[in-house]
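Subject: Structure handover

Hello,

Here is the structure I promised. Please open it and keep it beside this message.

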Amino acid sequence: MSVSVKSESEIELMREAGHILAIVHEELAAMIKPGISTYDIDKRGYEVIKSYGCIPSFLNYNGYPASICVSVNDEVVHGIPSKTRILKDGDIVSLDAGVIYKGWQSDSARTVAVGEISPEAKRLIEVTKQSFFEGIRYAREGFHLNDVSTAIQNYVEANGYSVVRDLVGHGIGRELHEDPQVPNFRQRRRGIKLQAGMTLAIEPMVNAGRYDVRWLDDDWTVVTEDGSLSAHYENTVLITKGEPELLSIRKEEKR
Ligand code: MF3
Ligand code: CO
């Protein structure tokens, strides 16, 4: 396994990719309402990504047939957009997107509400997001990968939810998926030592019920085995000697 350290000029391109990706997510979140199809979301995503001169990295990746992964309710990740899948009031929808800008990748995901959702669904979305922020407290030079994984799992489980085991985060750069794998659950080994210049896509997938998942017959869509709701939160993160930098947020939002 080799984990690459990016140069300042490479990081600058990943910042730009991430800034554009944040705009893509804003555009998608703004269109979410009862009555639209998951295909409508993908179509808009493709258009916005192209309008910024980027390539949708998911399109045709290992044969994936769309630009955005749109996963509704008990769908964990990799839901395939469809004209017949219509969002309804009370649904939660996970939007996962990736762009390539001048050869450099960014990858991020958000779960958003469709109309009015239950307090429990709201709490699931919030806990999933917060688990990411608990994890990245350890995403800095000198800590080990397992410090991040453990912090995510501990926070999720303290809140009564479970962390998906069959899917993990990943290194990212020129490729969408680079070393290392970034689990959201504790490992027996402490994992690599984090170093400034590493770029990781950290992406907790959290189920309201049990952690088990299964794949649908389309070979993409991952759903919870018990039918419980699932949420996803992901950013592309730069490791530094201090606070991690979120590369997949708008430049204006950086502290
Ligand atoms: N964010 C997901 C990941 O990191 C999305 C990739 S799925 C595919 O694996 F559509 F690109 F295949
Ligand atoms: Co990812």
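Below are notes on one strand and one metal site.

This is a predicted model: local features need pLDDT of at least 70, side-chain atom pairs count only at pLDDT 80 or more, and totals for chains, interfaces and linings use all residues. Residues are numbered from 1 along each chain as its sequence is written, chains are lettered from A and ligands numbered from 1 in the order written, and side-chain values use heavy atoms, without hydrogens or water.

Start with strand β4, residues 92-101. Strands are DSSP runs of E, at least two residues, numbered from the N terminus. In β4, 10 of 10 residues are buried. Buried means under 20% relative accessible area (1.4 Å probe, protein chains only). In a regular strand the side chains alternate between the two faces of the sheet. Both faces of β4 are covered, with I92 on one side and V93 on the other among the buried residues.

Now its partners. Two strands pair if DSSP finds at least two bridges between them. β4 runs antiparallel to β5 (residues 104-113), with 10 bridges. V99 stands opposite S106 there. The β4-β5 hairpin has 2 residues between its strands. β2 (residues 68-72) is also antiparallel to β4, over 5 bridges.

Which residues coordinate the cobalt ion (ligand 2)? They are D107, H170, E203 and E234, at 2.1 to 2.3 Å. Donors are N, O and S atoms within 2.8 Å of the metal (3.2 Å for Na, K and Ca); water is not among the atoms, so sites may look incomplete. D107 lies in β5 and E234 in the loop between β13 and β14, 127 residues apart. D107 is buried at 3% relative accessible area, and E234 at 0%.

Best wishes

Note on methods. Buried means under 20% relative accessible area, exposed over 50%, partly exposed in between (1.4 Å probe, protein chains only). Helices (H or I, at least four residues) and strands (E, at least two) are DSSP runs, numbered from the N terminus.
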